[in-house]
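Student: Please take a close look at the surroundings of the ligand in this model. I would like to know what lines the site and where those residues come from.

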Amino acid sequence: MDWNVTDLIPLEAYREKRKNSPVEPVYYEDHVGVTGWRLFGYEEVKLAFTRHDLFSSQNPEPSEDPIESSILRTDPPKHRQLRMLVSKAFTPKIIEAMETSIRSLTEELFDRAEASGQMEVMSELASPLPISVIARMLGVPSEDFNRFKVWSEDLVGNNGERFQNCQQEMSVYFKTIADERRLHPQDDLITRLVQAQVDDEKLTELELIGFCILLLVAGNETTTNLIASSFLCLDSMPEVRAELLADRSLIPVALEEVFRYYSPVQLTYRTVKQDMELNGHQLRAGEPVFLHIGSANHDESVFEQPEVFNLHRNPNPHVGLGSGIHYCLGAQLARLEARVVLETLLERFPNFKIDHSAPLERIESNMMFGLKGLQVVLARD
Ligand code: HEM
């Protein structure tokens, strides 16, 4: 069965929106049922990311939801303080040191599938890898990995009730571990978070739990989808696969183009901080703004022939990992995991093929681009 990227992501609809107006008022209906503005142009999305003085990340309504108290939902000066605390756990040195364990985990996942000659990429590789990496990093027992999987799916899905319930379940779960680490510190991220201190302040309990939950949302489904999308690219573009096989050092630049082309995070949001004008539209303080990352990354005014996956695109200023003060904290980790997967795949199964007999279906999420399943044949020759 043949498929095309435009069947999966509404590139044509995005193009129309950018042509008509890169800023569009919307009457938005989802589980929150709010009205707001949508930004489709690169310049507008970039502006909303970088001008945190105009576009707030904070929830306008006070909330006891841990995720609403996480770093992603704060503005300066609070954001600076939280970012300094949590950055200590994501230094380049700490991330680089994880390469060996990520590689052996990846090898192990391919080993398990090898005998059958087939792999369902989502459930057998792209999902368990980032979940295990985060779970190990946080320091939670491996027997809880399956619970993590269910939670991280519920957090990005469109089911409002599951979204609420799983936050409660996770709060209880992380509180128990954090309490335990205060008494018995270990060499793990939760211990570092309970101990971390900036300007004489520690993370509050809600902030700590919010951060752990955020890592699951921000770090799992996203990396899963990046990995699966890079399989899509190699399968559908033999010339790209051939170039990478000839020169593995191109894998990191190929991944940057996957970030742009398939944008695992399609959408994020802000709130207008003060009345302002944007492209002739009057935006009022308190109105929600949706940043269409997936559209910005295909904006023809910045990316020449955006519909072409160009391994040699240089520069490639995609906003797939955000921009400005909230730029993805896990960017290096996501890049590392995906690079190790592609290196291992090309080394062991250079002629892998996607099974095109099944249709490719998108997960039900407005925020993320990802697939429900991806069956491949693991061919060496
Ligand atoms: C922030 C994308 C992987 C942790 C962000 C933002 C984007 C993003 C777009 C900015 C959101 C905004 O400003 O509204 C991605 C993608 C990933 C990925 C596409 C993988 C393909 C990860 C990983 C982790 C992580 C592996 C951690 C283990 C975070 C955190 C933030 C963030 C903590 C909030 C930073 C802040 O508010 O200062 N990510 N991410 N992400 N990401 Fe990622």
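Tutor: One convention comes before the description: Ala, Val, Leu, Ile, Met, Phe, Trp, Tyr, Cys and Pro count as nonpolar, Asp, Glu, Lys and Arg as charged, and the others, Gly among them, as polar. The model is a predicted one. On that scheme, the shell around the ligand holds 14 nonpolar residues, eight polar and one charged. There are 23 residues around the ligand, and those that come nearest are Gly 219, Gly 322, His 326, Cys 328 and Gly 330. Two or more shell residues are given by each of helix H12 (205–236) and helix H16 (331–348). H12 supplies the largest share of the shell, with seven residues.

The rest of the protein gives the setting. The protein has 16 helices and ten strands. Among the strands, E1 (residues 23–26) pairs with E2 (residues 36–39) in the antiparallel sense over four bridges; there, Pro 25 has Trp 37 of E2 as its bridge partner. E2 also pairs with strand E8 (residues 288–292), in the parallel sense and over three bridges, and Arg 38 stands opposite Phe 290 in E8.

As for the overall form, the C-alpha trace spans about 60 × 60 × 35 Å along its principal axes. A compact globule of 381 residues would have a radius of gyration near 21 Å, and the protein's value of 21 Å agrees with that. Of the 381 residues, 39% count as buried. Of the contacts between residues at least 6 apart in sequence, 71% join residues at least 24 apart.

How values were computed. Residues numbered from 1 in each chain as written. Predicted model: local features only at pLDDT ≥ 70, side-chain atom pairs only at ≥ 80, totals over all residues. Near = placed C-beta within 6 Å. Pairing = 2+ DSSP bridges. Rg over C-alpha atoms; globule rule 2.2 N^0.38 Å. Buried ≥ 20, exposed ≤ 12 C-beta atoms within 10 Å, placed from the backbone. Contact = placed C-beta atoms within 7 Å.
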